[in-house]
Amino acid sequence: MTERTSAKTLKNTGVLILAAGLGTRMKSALPKVLHPAAGRPLLGHVMRAADALGPAGICVVAGHKAALVREAVCSAAAKWGIKSAFEIIEQRELTGSGRAVIEAREFVAKHKKVLVLCGDAPLVRAGTLAKMAETFAQGAAAVVLTAEVPDACGYGRIVRGAGAEIERIVEEANAGLYRSMREINSGVYLFDSTALLSALAHLKPNPPKNEYYLTDAVEHIRAAGGKTLACLAEDYTEVLGINSRKQLAEAEKTLRRRKLDELMDSGVTITDPETVYIDDTVSIAADTMIYPGTHIYGATAIASGCAIGPNVLIRDCEIGGGCNVLLGSLISESVIAEGCNIGPYSHIRPQCAVEAGARIGNFSELKKSKIGAGSKVPHLSYIGDTDMGPGVNIGAGTITCNYDGAHKHKTVIGEKVFVGSNVNLVAPVNVGAGAKIGAGSTITDDVPAGALAIARARQITKERKH
Ligand code: UD1
Ligand code: MG
C-alpha cells in the first residue's frame, strides 16, 4: 500500500509518540528525539509517518527537557507538514515506557484505538503502519510490529504462544532462555483503547531499574482474553531505534538514500547517489541533473531543467528553472530566478535575489544584494548591500566597499550600467542608469544617469635613466 492510498487508515485512532526517555547513550545536551537526521529531527520523521495516515490526533509524551521538545514541535510542525491536531504532554515520573502511557491515559481514553510509536525510531514507514491496521482488523486487541533483526541485542524478544499469537514480550535484561530468539519488539503497537486502559492498571515496576514496561501490557491483554497479534516488518531496518550517535549516522544514511530514490523515481537524475546529500526537506522538479559531491539542505526548492554540481552546496534557497550552478559554488538563503548561470566557484550569501538570466561567475561573492535580470558579475567581484538593476555589466575585480569600519552602506546601480574592471564603488553611492565607469576607478561620488565617470590618476610615462 502506498502512503497516498493509505490516507485516513488511522481515522479512529490516536497516535501516542513516546519521547520522554533520557537518551543517556547519546551523551548530548540535546534531547535524543530532537537530533536531526536528513534535515529534520527524529521526532519530525516519526510525526510525519503517523500524520500521513490521517489519525484522529497525535500526542507526544515529552519528559527529559520537555520544554525544548515542546518548543521544537510547536515551532516546526507546520514546516514538517503535520496536518493532524497534536498535543504535547509531560511525563512527570521518568520510570519507563509503561509509565509514559499511564500518564497519557486521558489521551488514550479519547480514542477507540491507539497507535504507540517511539520518538527515537525515525525509519518506520506509513505503509507499514497501514499494514498493522490491516492486521488489527482481524479482531485484535493489540498488534505489535515485530522484526527479525541480525543482532537482537538490546531489544525485547517476542514469545509466541499457540496459534502464533504473542504470549508476551521479554526484555533483554530478563530474557534468560529467550535471549537467542531473533524476533524482536519494534516498540510500535496498535491497541484497542479499552483493552489497553485495563492492562495499564496491572503494570508493576520491573527489576533491575524498577521501570514500568509497556511491553507487559501485551501479556495482560492476552490474559484478559484479548487477541494479541504480531505484524512482521518486511524490512527490519524500518524498526531500528536510535540509542547512540553511531546508530544516528546509520539512520541518516538510510533516510538520505530513501530521499534520493524518491527523487530519482520522480524524474531527477542523480549521477552518483553515493556522493550526493539531499535533506528530506528539499524539493526538486523533474529533469534536473544533480552531479557528484553536491549537498542540498534545508528548505530548498529547485525547479526543473537545472544542472547542479559537481561539488555544490545549496542551503535554504529557491532556484528557478533552467539554472546552471557549476563546480564549487555555495549558495545560502537566497532566491535565484530562472535561467541564471552561477559559478564555477561563486559564493552567494544570505538575502540575495538574482533575477532571471543573470550570471555570477568565478570567485564572485554576493551578500544581501539584488542582481537585476540579465546582469553579469562574471569574475572576481564582491557585491554587498547592493541594489543592481537589469542589464548591468560588472567588470572583473570590481568591489563594492560597503563597510566603513563601523557601518554598512548601500550601493545602487541603475539599469544597463557598464562598470569597467577593477572598480571600487565606495558606498553609500548611486550610479545612474546607463552610466559608464572607467576601469580602475575609485568612485566616491554619485554618478548621474548616462554619464562617464573616471576616477584614477593619469598615467605618466617617462623615459628611464639607465
Ligand atoms: C523498548 C522496548 C523494547 C523494544 C525497544 C525497541 C520497553 C520496556 N521495551 O526498549 O521491547 O525492543 O524499545 O526500540 O518498552 N520513554 C518514555 N518514558 C520513559 C522511558 C522511555 O517516553 O520513562 C520512551 C523513550 O523516549 C523511547 C521509548 O519510550 O522513545 C522506548 O524507551 P527506550 O528507553 O528507548 O526503551 P528500549 O530499551 O529501547
Ligand atoms: Mg530505544
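I314 is buried, with a relative accessible area of 0%. Keep in mind as you explore that this is a predicted model.

Where does I314 sit? Its place is in strand β19, which spans residues 313-315. Setting aside neighbours within four places in sequence, I314 is in contact with H295, I296, Y297, T300, I302, I308, I319 and I331. A224, by contrast, is 90 residues from I314 in sequence and 57 Å from it in space, C-alpha to C-alpha.

Now let us turn to helix α6. At its start, a side-chain oxygen of D192 comes to within 3.3 Å of the backbone nitrogen of T194. The buried residues of α6 are S193, A195, L196, A199 and L200. These cover an arc of only 160° around the axis, so they lie on the same side of α6. The buried residues of α6 pack against α3, α4, β6, β10 and α7.

How do α6 and α7 pack? Their axes are 9 Å apart, at an angle of about 110°. The two helices are therefore roughly perpendicular to each other. Here are the residues that meet:

| Helix | Residue range | Residues in the contact |
|---|---|---|
| α6 | residues 193-200 | A195, L196 and A199 |
| α7 | residues 215-223 | A217, H220 and I221 |

By class, this contact of α6 with α7 has five nonpolar residues, one polar residue and no charged residues.

How values were computed:
Residues numbered from 1 in each chain as written. Chains lettered and ligands numbered in written order. Predicted model: local features only at pLDDT ≥ 70, side-chain atom pairs only at ≥ 80, totals over all residues. Heavy atoms only, no water. Axes fitted to C-alpha atoms, helices over the stretch in contact; angles between N-to-C directions. Helix = DSSP H or I, 4+ residues; strand = E, 2+ residues; numbered from the N terminus. Parallel < 35°, antiparallel > 145°, perpendicular 65-115°, else oblique. Contact = heavy atoms within 4.5 Å. Nonpolar A, V, L, I, M, F, W, Y, C, P; charged D, E, K, R; others polar. Buried < 20%, exposed > 50% of the residue type's maximum accessible area, 1.4 Å probe, protein only. Arc of directions from axis to C-beta. Polar contact = N/O pair within 3.5 Å; in protein donor to acceptor, adjacent residues only side chain to side chain.
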